[in-house]
Amino acid sequence: MSADRERRPSRPGRGRPAPRKDGPRRPPPEDPARRTALDVLHAVRERDAYANLVLPEMLRERRITGRDAALATELTYGSCRAQGLLDEIITACLDRPLSKVDPVVLDGLRLGAYQLLRTRIPQHAAVTSTVDLVREDAGSHVAGFVNAVLRTVSEKDEAAWVDQLAPDPDKDPIGNLAIRTSHPRWVARSFAEALGDKGTELAAALAADDARPEVHLVAKPGEISADELAAITGGDPAPYSPYGVHLPAGSGDPGDSEPIRERLAAVQDEGSQLCAIAAVAAPVEGTDERWLDLCAGPGGKAALLGALAATSGARVDAVEKAPHRARLVEKATAGLPVTVHVVDGRESELPGGYDRVLVDAPCSGLGSLRRRPEARWRRQPSDVADLTKLQGQLLTAAFELVRPGGVVTYVVCSPHLAETEGVVGEAVRRAKAEVLDARELFPGVPDLGDGRFVQLWPHRHGTDAMFCAVLRKPE
Ligand SMILES: C[S@@+](CC[C@H](N)C(=O)[O-])C[C@H]1O[C@@H](n2cnc3c(N)ncnc32)[C@H](O)[C@@H]1O
């Protein structure tokens, strides 16, 4: 392979492979899966792309299907998820700090180390193929270095590396599990605090968060039943949501299935479905006709609220600050009794007096890390402070917009206590709101704990770690 082959994508902008100066890249036919995986790793690092948006598009553009697509997916998502652990191991094999390694080469080392430690790919294939790819991207002079580092990585298996690098579990159980399951320590600590556990349950939560998740679909009420959707897609009806279907891991791109193309169904985590259903099921006295979704983009919950509103004669106002996300809400709710408002939910100037308000607030997303392979390494603890301020302001606005006796449902896809109980506790004090028992609105869902809030977990419920609080404004 020539060293002057086209280099990696360079255009800024998320979710899309960059165009190349001389047209789309033609992956070398001999290794399209690894070439694609490495190009996605470059895109994620260089332009903050989302792996789960870039990869499907590159696979489509390069017409990669079947086993090659499955391998590219495994290598891309696996390398992204395991990045922190891979970096610790690579660092232990270097005679210089990791920061001194050319980032283009580091992407290759991560891809190679992932293959060596977490797949059954034979050692020589993992090393040779990685050296070839990095040579294409960074030049022949790096081949010896990449070869030497990967040979050193291959001298131990993952368990032996973890034993060498992780802190003593008796002295630092959270640090040990963080390395073992490839999570940043602060994320592992936030899970431990929410669970009230540093041992077996924390280990189960982090392990579930590190596994490839099933895809969940929602059958649009009034369009198709979950049983019909399951029969068509080859999935299983979800255990808790009456509209949910679980597809087995590796079922391919759900966007290709007919019910989704025909807009009878959509991809939506079962936990999100349950929270939207709870927002509609929460008891209100008196009128129940005007509903508000204060953070609606891209429209998953708004579509479910809209479909349920259509069956009960209610109407939904859906607020979204970002215009491009508001357009997605329009699309998701077309034909439903939903009006989209492109406005900041904190100062919407809507007339108020709503019977129900859903605040599905912007959050750290620590509850859906399993679905966003690179997110755990991108998020920073400092993000949480800004988010909790915004979450509090949105909840305050919700209490201004709901009528006395109406309900506000607060949802975040995060178990971080600052974003969950912290924000809700403050808002309840300010609004003198009544905290309803949200667990009663999740019928049949086990292990919801002792409090009145609901915290779902991947290891307990197979859902994202969604938090839901239901609050009534005093009369
Ligand atoms: C967690 S997402 C909502 C997900 C959505 N409910 C769904 O189910 O598809 C939060 C949304 O709030 C929007 N947002 C952020 N700040 C906002 C604000 N001040 N007012 C209204 N929307 C805001 C974000 O753009 C984002 O689309």
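These exercises, each with a worked solution, explore a predicted model.

**Exercise 1. The ligand shell**

Find out how many residues surround the ligand, which are closest, and which elements supply them.

*Solution.* 
Step 1. Count the shell. The ligand is surrounded by 18 residues.
Step 2. Pick out the closest. These are Cys295, Gly297, Gly300, Lys301 and Gly345.
Step 3. Look for secondary structure. Helix H15 (300–312) supplies at least two residues of the shell, and so does strand E6 (315–320).

**Exercise 2. Helices H1 and H3**

Describe how helix H1 (residues 32–47) packs with helix H3 (residues 66–81).

*Solution.* 
Step 1. Two packed helices are described by the angle between their axes and the distance between the axes.
Step 2. H1 and H3 pack at an angle of about 35 degrees, and their axes are 8 Å apart.
Step 3. The crossing of H1 past H3 is right-handed.
Step 4. List the contact. H1 contributes Pro32, Ala33, Arg34, Thr36, Ala37, Val40, Leu41 and Val44. H3 contributes Asp68, Leu71, Ala72, Leu75, Thr76, Ser79 and Cys80.
Step 5. Classify the contact of H1 with H3. There are ten nonpolar, three polar and two charged residues.

**Exercise 3. Helix H18 and its surroundings**

Compare the reach of helix H18 (residues 381–401) with its expected span, then say what its buried residues pack against.

*Solution.* 
Step 1. Check the span. H18 has 21 residues and reaches 31 Å from first C-alpha to last. That is close to the 30 Å expected at 1.5 Å a residue.
Step 2. Find the buried residues. They include Val384, Leu387, Thr388, Gln391, Leu394 and Leu395.
Step 3. Note a general rule. An α-helix has 3.6 residues a turn, so residues three or four places apart point the same way.
Step 4. Name the partners. The buried residues of H18 pack against strands E5 (290–293), E8 (354–360) and E9 (402–412), and against helix H19 (418–431).
Step 5. Focus on H19. The axes of H18 and H19 come within 9 Å and cross at roughly 35 degrees. H18 passes H19 in a right-handed crossing.
Step 6. Inspect the meeting residues. Among them are Val384, Leu387 and Phe399 of H18, with Ala418, Val423 and Arg430 of H19.
Step 7. Classify the contact of H18 with H19. It has eight nonpolar, five polar and three charged residues.

**Exercise 4. Buried or exposed?**

Decide whether leucine 109, leucine 195 and phenylalanine 145 are buried, partly exposed or exposed.

*Solution.* 
Step 1. Set the cut-off. A residue is buried if 20 or more other C-beta atoms lie within 10 Å of its own, and exposed if 12 or fewer do.
Step 2. Take leucine 109 in helix H5 (residues 103–118). Leucine 109 is buried because it has 27 C-beta neighbours inside 10 Å. Beyond four places in sequence, leucine 109 contacts Ile90, Val146, Val149 and Leu150.
Step 3. Take leucine 195 in helix H10 (residues 185–195). Leucine 195 has 20 other C-beta atoms within 10 Å, so it is buried. Leaving out residues up to four places away, leucine 195 touches Glu201, Leu202 and Ala205.
Step 4. Take phenylalanine 145 in helix H7 (residues 143–153). With 17 other C-beta atoms within 10 Å, phenylalanine 145 is partly exposed.

**Exercise 5. Positive phi**

Find phi and the location of glutamate 349 and of aspartate 447.

*Solution.* 
Step 1. Start with glutamate 349. Its phi is positive, about 60 degrees, although glutamate 349 is not a glycine. Glutamate 349 lies in the loop between strand E7 (338–342) and E8. It is exposed, with 8 other C-beta atoms within 10 Å.
Step 2. Turn to aspartate 447. Aspartate 447, not a glycine either, has a positive phi of about 55 degrees. The loop between strand E10 (434–436) and strand E11 (454–455) holds aspartate 447. Aspartate 447 counts as exposed, with 10 C-beta neighbours inside 10 Å.

Notes:
Residues numbered from 1 in each chain as written. Predicted model: local features only at pLDDT ≥ 70, side-chain atom pairs only at ≥ 80, totals over all residues. Near = placed C-beta within 6 Å. Helix = DSSP H or I, 4+ residues; strand = E, 2+ residues; numbered from the N terminus. Axes fitted to C-alpha atoms, helices over the stretch in contact; angles between N-to-C directions. Left-handed = near helix turned anticlockwise from the far one by under 90°. Contact = placed C-beta atoms within 7 Å. Nonpolar A, V, L, I, M, F, W, Y, C, P; charged D, E, K, R; others polar. Expected span 1.5 Å × (residues − 1).
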